[in-house]
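Please consult the sequence and structure shown below while reading.

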Amino acid sequence: MAWRRIQEQRLRGRAFQPRFELHEVVASWLGGLLAITALSLISSWSHYPLVVAPFGASTVLLFGHPSSPLAQPRNIVLGNTVAAAVSVVCVASLGRTPWAMGLAVGVTIALGQLLRCLHPPAGAVALLGVLLKVQPGFVVMPMLTGSLLLTLMAVLFSRLRPRDDPYPHHWF
């Protein structure tokens, strides 16, 4: 009986989880490698901080599953930027307290849902902002600028690859 339930759960998971062909895995790997490397190089050359940990998660969505609604430009750019703004407000009003951390993530989730720009890495942006006690400049640099650059790199990468399903599905 237990073995049958385990098998049913396994089959349910396999039907639900996406399956990727080897060429998609290689393209995702290459896209992520090039995007984060390019962002790091631009950051190094310009002396503006453009690399933050949540961009690693955004890159997973952009290159690993670009057809996901959570990976569309609206979600990446607006989701990360809203989260950065929320973290600035939370730091200004509550400092670096546990309540500020929880509030920043909770408000980011709620605004992402209300504004239809839910982006899971935005929760990390909000938390990181409070942990670092960010100032208002954090909204523009690195979050807005880095999100725009990552999105543009994903669009260019998609155009260079022959695909039936080009990125993005929609802009707004």
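## Residue T145

T145 is located in helix α7; helices (H or I, at least four residues) and strands (E, at least two) are DSSP runs, numbered from the N terminus. With a relative accessible area of 24%, T145 is partly exposed. In this scheme, buried means under 20% relative accessible area, exposed means over 50%, and partly exposed lies in between (1.4 Å probe, protein chains only).

In sequence, T145 and V77 are 68 residues apart, while their C-alpha atoms are 8.7 Å apart in space. When residues up to four places away in sequence are not counted, T145 touches L50 and V140, contact being defined as heavy atoms within 4.5 Å.

## Basis of the model

The model is predicted: local features need pLDDT of at least 70, side-chain atom pairs count only at pLDDT 80 or more, and totals for chains, interfaces and linings use all residues. Residues are numbered from 1 along each chain as its sequence is written, and side-chain values use heavy atoms, with hydrogens and water left out.

L144 and I76 are 68 residues apart in sequence, with a C-alpha to C-alpha distance of 9.3 Å. Apart from neighbours within four places in sequence, L144 is in contact with V77, T81 and V139.

T151 is likewise placed in helix α7, but this residue counts as buried because its relative accessibility is 3%. A polar atom of the T151 side chain lies 2.8 Å from the backbone oxygen of S147. Neighbours within four places aside, the contacts of T151 are L62, P73, I76, V77 and Y167.

## Packing of α3 against α7

Helix α3 (residues 53–64) and helix α7 (residues 137–160) have axes that come within 11 Å and cross at roughly 25 degrees. Axes are lines fitted to C-alpha atoms, for helices over the stretch in contact, and angles run from 0 to 180 degrees between N-to-C directions. The two helices are therefore roughly parallel to each other; angles under 35 degrees count as roughly parallel, over 145 as roughly antiparallel, 65 to 115 as roughly perpendicular and the rest as oblique.

From α3, the contact is made by F55, S58, T59, L62 and F63; from α7, by P142, M143, G146, S147, L150, T151, M153, A154 and F157. These residues divide into 9 nonpolar, 5 polar and no charged. Ala, Val, Leu, Ile, Met, Phe, Trp, Tyr, Cys and Pro count as nonpolar, Asp, Glu, Lys and Arg as charged, and the others, Gly among them, as polar.

## Packing of α4 against α5

The axes of helix α4 (residues 73–94) and helix α5 (residues 98–114) come within 9 Å, crossing at roughly 150 degrees. Accordingly, α4 and α5 are roughly antiparallel to each other. Their contact involves V82, A83, V86, S87, C90 and L94 of α4 together with W99, A100, L103, A104, V107, T108 and L111 of α5. By class, this contact has 11 nonpolar, 2 polar and no charged residues.

## The chain as a whole

The protein chain contains 7 helices and 0 strands. Its C-alpha trace spans about 55 × 45 × 25 Å along the principal axes. Of the 172 residues in the chain, 37% are buried. Among contacts with a separation of 6 or more, 73% are between residues 24 or more positions apart.

Methods:
A polar contact is a pair of N or O atoms within 3.5 Å; within protein, one must be able to donate a hydrogen and the other to accept it, and residues adjacent in sequence count only if both atoms are side-chain atoms.
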